[in-house]
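Dear colleague,

Please find the structure below. My notes on what was found in it follow.

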Amino acid sequence: MKNRLVAQLFEEIADLLEIKGENPFKARSYRRAAQAMEALTRDVEELAAQGALLEIPGVGEALEGKIREIVATGTCRYLEDLRRSVPPTLLELLALPGVGPKTVATLYSTLGVQCLADLEVAAREGRLREVRGLGAKKEQAILEGLRMAKTRAERAPLGSVLPLALELMESLKQVPGVLKLSLAGSLRRCRETVRDIDLVAASDSPQELMAAFTSHPLVAEVLSQGDTRSSVRLHGGRQCDLRVVGEEEFPAALMYLTGSKEHNIRLRERARARGLKLNEYGLFREEDGARLDAGAEEEIYRLLGLPFITPELREDAGELEAAEAGRLPPLIAAEGVLGDLHVHSAWSDGVDTLETLAEAARARGYRYLAICDHSRSLTVARGLSPERVWAQWEEIEGLNRRWQDFRLLRGTEVDILKDGSLDHPADLLRAADVVVGSVHSHFRLDPEAMTARVVRALSSGLLDILGHPTGRILGYREPYALDLEAVIRAAAQAGASLEINASADRLDLKDADARRAREAGVLLALGTDAHSQAGLYDMALGVGVARRAWLGPQDLLNSWPAGRLVETLRSRRKGQAGP
DNA sequence: GCCGTTTTCGGCCCGACTGTTTTCAGTCG
């Protein structure tokens, strides 16, 4: 897969073009194509081989040639020429807040600034304020930005930011005059990581809300403050923006602030083509400026000739084309998840009893919960021997007599050992209700060995679900070196599912990979990997990933009733000798 | 550099806020 590489090089070209002050629309073309490349569910090399690159939206003849060149050589001459004409270290400067391409160009041409270190020296010596268009404040802001860059809050996992956002929102809802308040931005779109928190409100007394916001105890610093928009930095470094509008304007404001930017641009272009104008205040007729009434986002989409597009899909990743053609998929919803397929109990490294977990699951409305404790090789997690698994399953049988409408599933999370064999005997695995298999050791195998290991485990026919398939931990551990395409093919071949591990720090598979897996005919399975009853709440994050992956009920094991689920999985495993 | 209900050239999303200006450019979302 060279999709990411092509995207990165196109982004770099766009940055360099902007710094050079060339036609901004040309830069935008490269950016759009980079976006399209990231969103592509197919391998760009494959498309190149088939001569199908022009089908990618935003790719014309010129970019087609450059993609071919990058796929073949890893770079392209056009970019190499640009790098020679502009010091590529200038790109570092764009990361500073308040510094864009024009400022970078000015700094370079007037002061000879080529990199962050040059800039810091110039700013300290007070030379920035001498430059026309800059000033003392800008100089201060840049010094501050340089300082912050060293400790800056980068993108953080969705699950770690969401509680903070909800806390802030709950308290702002209490401010008099607030009519509506919603999350927006990448949080609302359920992106796996978020940079900042976007809130949008409708209020009768905006000043009061703004005052409450900027003086909130969670706020460390006010970055900008206006009548309709303010930005703050919260304690801990995360930025939060609040936009306040009138009630009538709320749907358009919510839509605009939810983004993504690319999705918005496409919608505005669409509005223009229909003699309309879309901005954050509403949808208007171009000719007389008259507002078209819209009480909700759904109405705005309808007025643009589209069905409602759910926030999770708003990435300009084909959702507008699908909406236009009436081919938006039905998406899984929280209520459609009948059970959690990966949970740990106190039998291994969890903290809660089977009974506690079962009651917590029943309280969530689940019909089943799969208890999948670790196997014996994972000694740090007090992994279970086969004998202990049998004993646990007996307890489960006993508990299950209590409920008519709910069932604990007798599962295991069996370790996939270094050579791809499984850490439990085949007869035990054949007898289980659900078998999750995961890699928990020897993370640093070379890609061929790691891929062979996982493929062998899948090919055993004894795995129902490959747990956290890439092993990544957000912000902490990169995915294992692994040929995911080969793993997806092996899962399809074996009729096994891939997990969307919903744990806040995993979200593995991620959205784009889950979408690819589905397109290869693989079913997905949602599991929180919870180690306590509180962990069951992470299912909301997993549902977000599944929706962003365009998955519907038909694509997820969790939408099957317990009876069908267990029968199907067990009959598949029956007669398999194992690895 | 792309693209077509503006259709092969001439457009390309739109507005808030800041800082440096004295009417606006740059940045950001």
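**Sheets, domains and the DNA surface**

Seven strands, in the order β11-β12-β13-β14-β15-β16-β17, form an open sheet with parallel pairing. Strands here are DSSP runs (E, at least two residues), helices are DSSP runs too (H or I, at least four residues), and both are numbered from the N terminus. Two strands count as paired if DSSP finds at least two bridges between them. The edges of this sheet are β11 (339-343) and β17 (524-527); each has a single partner strand, so one side of each is left without a neighbour in the sheet. Strand β16 (residues 497-501) runs parallel to β17 and is joined to it by 4 bridges, with L498 opposite L524. Helix α17 (residues 386-400) lies across β12 (368-371) and β13 (407-415), at about 160° to β13. Contact means heavy atoms within 4.5 Å; axes are lines fitted to C-alpha atoms, for helices over the stretch in contact, and angles run from 0 to 180 degrees between N-to-C directions.

Before going further, the ground rules. This is a predicted model, in which local features need pLDDT of at least 70 and side-chain atom pairs count only at pLDDT 80 or more, while totals for chains, interfaces and linings use all residues. Residues are numbered from 1 along each chain as its sequence is written, chains are lettered from A and ligands numbered from 1 in the order in which they are written, and side-chain values use heavy atoms, with hydrogens and water left out.

A second open sheet has 5 strands, ordered β2-β4-β7-β6-β5, and its pairing is mixed. Here β2 (178-184) and β5 stand at the edges with a single partner strand each, so one side of each is left without a neighbour in the sheet. From one strand to the next the twist averages 25°. Within this sheet, β6 (residues 229-234) and β7 (residues 239-245) are antiparallel over 5 bridges, and R229 stands opposite R243 in β7. Helix α12 (residues 250-258) lies across β2, β4 (196-203) and β7, and runs at about 20° to β2.

There is also a hairpin of β8 and β9, with 2 residues between the strands. β8 and β9 (residues 282-285) pair in the antiparallel sense over 4 bridges, and R285 in β9 is the bridge partner of L276.

Chain A is divided into domain 1 (1-86), domain 2 (89-154), domain 3 (157-247), domain 4 (251-324) and domain 5 (334-573); the bounds come from an automatic or database domain assignment. The C-alpha centres of domains 4 and 5 are 39 Å apart. Their contact takes 8 residues from domain 4 and 5 residues from domain 5.

A residue is near the strand if one of its heavy atoms lies within 4 Å of it. Sugar and phosphate make up 75% of the atoms of DNA strand B that come within 4 Å of the protein. The residues of this surface divide into 17 nonpolar, 14 polar and 16 charged, where Ala, Val, Leu, Ile, Met, Phe, Trp, Tyr, Cys and Pro count as nonpolar, Asp, Glu, Lys and Arg as charged, and the others, Gly among them, as polar. The largest share, 6 residues, comes from α13.

Phosphate oxygens of DNA strand B lie 3.2 Å from a polar backbone atom of L63 and 3.4 Å from one of A136.

Regards

Methods:
A polar contact is a pair of N or O atoms within 3.5 Å; within protein, one must be able to donate a hydrogen and the other to accept it, and residues adjacent in sequence count only if both atoms are side-chain atoms.
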